[in-house]
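Please read it with the sequence and the coordinates at hand.

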Amino acid sequence: AQKPEVAEVCAMLATGQLSQRVAQVAAWHLNNDMSWQELASKQLRFANGRRQPYFSQQEIFLAMQLVERAAKNVRERQQQYQTPSQSTALSQN
């Protein structure tokens with residue numbers, strides 16, 4: 001994954017912290033720049049003409065929370081690895 005947030009989502013998926021479908025919504029949002037609205041409007045189309053949402057509202061909601069959590073984890077990890085001089089320089093700007 002190019003984006004650290006996507007890697008974070010994948011790591012959480014690997015440890016069983018979330019469902020594959022929630023991870024999929026989050027990954028498409030982060031990696032493919034799909035808006036939440038675009039993801040919510042995706043539909044499955046059946047041969048008999050019936051349609052249903054590709055993702056449930058619950059899956060979208062959980063993915064939104066997941067993206068926030070992944071971003072927070074990435075920020076915290078980046079702050080941990082800053083050298084003291086980097087931290088000082090950043091806080092002075």
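A residue is called buried when its relative accessible area is under 20%, exposed when that area is over 50%, and partly exposed in between, with a 1.4 Å probe and protein chains only. By that scale aspartate 33 is exposed, because its relative accessible area is 60%. The model is predicted, so that local features need pLDDT of at least 70 and side-chain atom pairs count only at pLDDT 80 or more, while totals for chains, interfaces and linings use all residues. Residues are numbered from 1 along each chain as its sequence is written, and side-chain values use heavy atoms, with hydrogens and water left out.

Helices (H or I, at least four residues) and strands (E, at least two) are taken as DSSP runs and numbered from the N terminus. Aspartate 33 belongs to the loop that joins helix H2 (20-31) to helix H3 (36-41), and its phi is near 55°, a positive value in a residue other than glycine. In general, most residues other than glycine have a negative phi.

A salt bridge is counted here when a side-chain nitrogen of Lys or Arg is within 4 Å of a carboxyl oxygen of Asp or Glu, and the count by this rule is 4.

| Aspartate 33 | Lysine 3 | 3.3 Å |

Aspartate 33 forms a salt bridge with lysine 3; because aspartate 33 lies in the loop between H2 and H3 and lysine 3 in the segment before helix H1 (4-14), the pair ties together parts that are 30 residues apart in sequence. Lysine 3 is partly exposed, at a relative accessible area of 31%.

Glutamate 59 is buried, with a relative accessible area of 15%, whereas arginine 21 is partly exposed at 32%.

Glutamate 76 and lysine 72 both lie in helix H4, 4 residues apart, which is about one turn of the helix.

Tryptophan 28, placed in helix H2, is partly exposed with a relative accessible area of 22%. Leaving aside neighbours within four places in sequence, tryptophan 28 is in contact with residues including Asp33, Met34 and Tyr54, where contact means heavy atoms within 4.5 Å.
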